[in-house]
Amino acid sequence: MPNNFLTHYGNITPSPLTGLASNTAGSLYNGIMTNATSHYLRQNLSLLQLKNTNTHQNDDEMHRTLGQSPAYGSKQQYAQEDSNEPILDRDGTKYIQGVNSTFLYYGQAIDFSILPAVNEIGTMQATPTASTTKKVEWLMDYAATHPNTAIRFHASDMILHGSSDVAYLVLPKARSRMAGYFYLSNKPAPPPIKPTPKVIGAVHVECKTIRNVVASVAEGETAAMFHNCQRAIPMCIALKEMDHPQPLTPMETDNATTLGFITSNIRQKKSKSWDMRCNWLRDWEQQKQFHFYW
């Protein structure tokens with residue numbers, strides 16, 4: 001365990017904000033802006049004392065390494081059994097938590113593709129095992145293999161758009177993962193015309209665990225849409241205060257059942273938490289704040 005790492009991350013906080021801000025390069029050309037980090041990733045991988053930087057495996061090899069080979073084509077998927085591995089000691093736990101906080105910061109700022117891995121490791125970081133360490137090493141190998149990630153922004157009408165999704169029952173203890181992708185694009189046609197925005201570099205990405213167990217994909221999609229719409233509201237307010245008026249915020253879902261519940265085209269008995277989210281979304285749609293589409 002690198003002692004300098006434990007000293008640096010003894011209070012389990014990410015690297016200082018200046019570490020990324022001072023190393024973020026932005027270039028503007030012909031209405032296109034590209035943001036990238038130049039030194040943050042290399043500095044932190046060096047601090048973490050990563051030994052192998054060119055050993056990134058493919059997904060099948062990774063699953064075999066972690067003992068989680070998916071059963072493709074199977075009619076029934078089985079839950080993974082609880083691990084009997086011993087929990088890491090205090091230093092090992094701090095190392096896992098420090099690595100995860102470092103990459104959470106980097107993932108939120110530049111490389112959104114690592115957020116699902118960071119989210120999964122985060123569910124285990126309180127009681128990490130040797131399997132958690134393998135996942136952390138996989139994450140660092142991936143980051144070292146793809147060190148030149150950048151976000152590209154194009155000139156647009158500065159209208160906020162969002163896409164919402166959920167990964168059902170992919171986390172321990174039957175939890176699901178929600179995701180939201182927010183970006184600025186051109187002004188959409190008024191409802192009921194379906195928006196067809198040009199997807200540009202994200203201004204914000206959500207990737208979180210749904211804390212309660214959801215009983216169906218539709219319930220999970222509704223929970224994700226509820227969370228993402230709450231995140232969209234302060235962004236819309238900020239844009240308006242910067243003199244970028246916002247129409248109904250377009251929010252995309254890939255679940256027709258969820259859209260039916262929100263627009264009151266489908267009715268059925270629901271749990272109270274699900275019913276609360278549905279009615280919240282309906283109210284905001286009726287107030288002409290959001291345009292939900294599938």
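Axes are lines fitted to C-alpha atoms, for helices over the stretch in contact, and angles run from 0 to 180 degrees between N-to-C directions. Helices (H or I, at least four residues) and strands (E, at least two) are DSSP runs, numbered from the N terminus.

This is a predicted model, where local features need pLDDT of at least 70, side-chain atom pairs count only at pLDDT 80 or more, and totals for chains, interfaces and linings use all residues. I number residues from 1 along each chain as its sequence is written, and side-chain values use heavy atoms, with hydrogens and water left out.

Sheet first. I find five strands in an open sheet, ordered β6-β5-β4-β7-β8 with mixed pairing (two strands pair if DSSP finds at least two bridges between them). β6 (202-210) and β8 are at the edges with a single partner strand each, so one side of each has no neighbour in the sheet. From one strand to the next, the twist averages 20°.

Next, β7. Strand β7 (residues 249-253) pairs with β8 in the parallel sense over four bridges, and M251 sits opposite F292 in β8. β4 (residues 159-171) also runs parallel to β7, joined by three bridges, with S163 opposite E252.

I then checked helix α8 (residues 217-241), which lies across β4, β5 (175-185), β6, β7 and β8 and runs at about 150° to β4.

Last, the backbone. P191 and P192 are joined by a cis peptide bond, omega about 10°, and P192 is in the loop between β5 and β6.

Note on methods. Contact means heavy atoms within 4.5 Å.
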